[in-house]
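Please read it with the model open.

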Amino acid sequence: MPLSGDLLRLADAVLLPGFAGQTPPDWIRRRLGEGLAGVVLFSRNIADPAQVARLTAALRAENPAVLVGTDEESGEVTRLEVSTGSSRPGGYALGVVDDVGLTEALARDMGGELAAAGITIDFAPSADVNSNPDNPVIGLRSFGADPALVARHTRAFVRGMQSAGVAACAKHFPGHGDTTVDSHHGVPVVADAGIEEALVPFREAIKEGVRSIMTGHLLVPSYDAELPATLSPKVLTGLLREELGFQGMIITDGIEMAAVSGAYGIGGASARAIAAGADAICVGGERADEATAVEVRDAIAAAVTEGLLPEERLADAARRVRELAAWTTSSGSPVPEDGYLGLSAARRAVRVTRRSTAPVLPLTGAAHVVELTPEMNLAIDKGTPWGVGEPLGRLLPGTAVTRLAAGDTTGARLERLIGEAAQRPLVIVVRDAHRYAWQGEALRHLLSARPDAVVVEMGLPARSDLGAVHIATYGSARVCGQAAAEVLTGTL
């Protein structure tokens, strides 16, 4: 039977789709006028803050209460600064510094930038406790491996962001830190032993008044052995709403991710998420077309007519979305920009281990920098610049940079590099070297020939006994590379 217009509008009121292009397409404009809740902006939609401000103004002209969300975590996961790399380090670096005042100030500064661009909800912070160093998708996005540390910095981030009038969104409930599977590709399982520690930051975020929480596509057998959290009434309603008392908006992680869409399709997963207790559906990271948005809307409406989704639950979800939109239009105050806060934070996070009595640092002549480049997870835009070679080249003109991926690190290639760098200081830059056997092998090959080399780890440093000097930046944001270059040249 045909779906009623009222029911379709109610289904639209819980959707935040993505779209292609740096101006809103006609279908987005039309749907916003008809009651679409909002949109999610990805790096494909962003050129610079001024362009984003024009884009969001065009969206608001169609629906003044539109929710505009994006993933601006700082550090590796950035959208506004995707073309340059982030001017702020990510969560792990802030946890290493462990200054909650700094975290709050940085989040407030970032919130001011987002608000000026017309963005009303930031899908951050990552409140995940990264208790598994082999985690393929969280890692440096987390504030750390200690629940209490993650909790206090989660609260600080929420305070700072929301003081600027931008809703914070703690993610990925009930905690994606203790996993070895990326939910973009499969269903991670959270061990029973770690769930209580994983919940600590979310409990604290709720106490702080966080306006939104994002679900993780995670299986938590201690609460529900069959359904991932995003689709589980036991997790979203029983745990998050009833036990933890959260009354804000619950939004899903990208609903097209295989962990939930694989079994039910995008539409089926969306309807089941709303039935389980979610209030808003995030879609469009990988499928950003009108047909997908229509498919999700129609599936939610059909679930009501078929009895899978009570209409009262859908209406309650739409109410919570409206309430968050109303908060974002009436909260916050202008924030003066601080162009140095992020670099200052990155500098404070650097840790240096000197393993040689020889005067390896500071470098005074042009160096040869070898950057070992792993394949990053889908949360990190592949075009985001990172590394030490570019900022070091500004401080030491003539510095050579060689970037190698997994298939490039053959013995012959590394031997040529050793020869090319024979008369220069050698700097080897790695990223999560402990998770990639090829990086470890390349490091051993290079260091066996050049024990005087400096190793810069821009991921999670599992060890610091590599190289004559080991520098850990706890992040690969632009400012982390700058801080490392300053250490290398003795200016920091």
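**Notes on rings and cysteines**

1. Cys169 counts as buried, because its relative accessibility is 0%. Bear in mind that this is a predicted model.

2. Cys169 belongs to no disulfide. The nearest cysteine sulfur is that of Cys282, 9.0 Å away. A disulfide needs the two sulfur atoms within 2.5 Å. The search of the whole structure finds 0 disulfides.

3. Cys480 also counts as buried, at 1% relative accessibility.

4. On to the rings. The structure holds 2 aromatic pairs. One joins Tyr92 and Tyr474: the ring centres are 6.0 Å apart and the planes lie at 0°, so this pair is stacked. Tyr92 sits in helix α4 (residues 91–97). Tyr474 is in the loop between β14 (469–472) and α16 (478–489). The pair therefore ties together parts that are 382 residues apart in sequence. Both Tyr92 and Tyr474 are buried.

5. Phe173 and Phe202 also pair. Their ring centres are 5.2 Å apart with planes at 90°, so the arrangement is edge-to-face. Phe173 belongs to strand β5 (residues 167–173) and Phe202 to helix α7 (residues 195–208), so the contact ties together parts 29 residues apart in sequence. Phe173 is buried, with a relative accessible area of 0%. Phe202 counts as buried too, at 0% relative accessibility.

6. Please also check Trp386. The charged end of Arg431 sits over the Trp386 ring, 4.6 Å from the ring centre.

Key:
Residues are numbered from 1 along each chain as its sequence is written. This is a predicted model: local features need pLDDT of at least 70, side-chain atom pairs count only at pLDDT 80 or more; totals for chains, interfaces and linings use all residues. Side-chain values use heavy atoms; hydrogens and water are left out. Rings of Phe, Tyr and Trp (its six-membered ring) pair if their centres lie within 6.5 Å; planes under 30 degrees apart count as stacked, over 60 as edge-to-face and the rest as tilted. Helices (H or I, at least four residues) and strands (E, at least two) are DSSP runs, numbered from the N terminus. Buried means under 20% relative accessible area, exposed over 50%, partly exposed in between (1.4 Å probe, protein chains only). A charge sits over a ring if NZ of Lys or CZ of Arg is within 6 Å of the ring centre and within 35 degrees of the ring normal.
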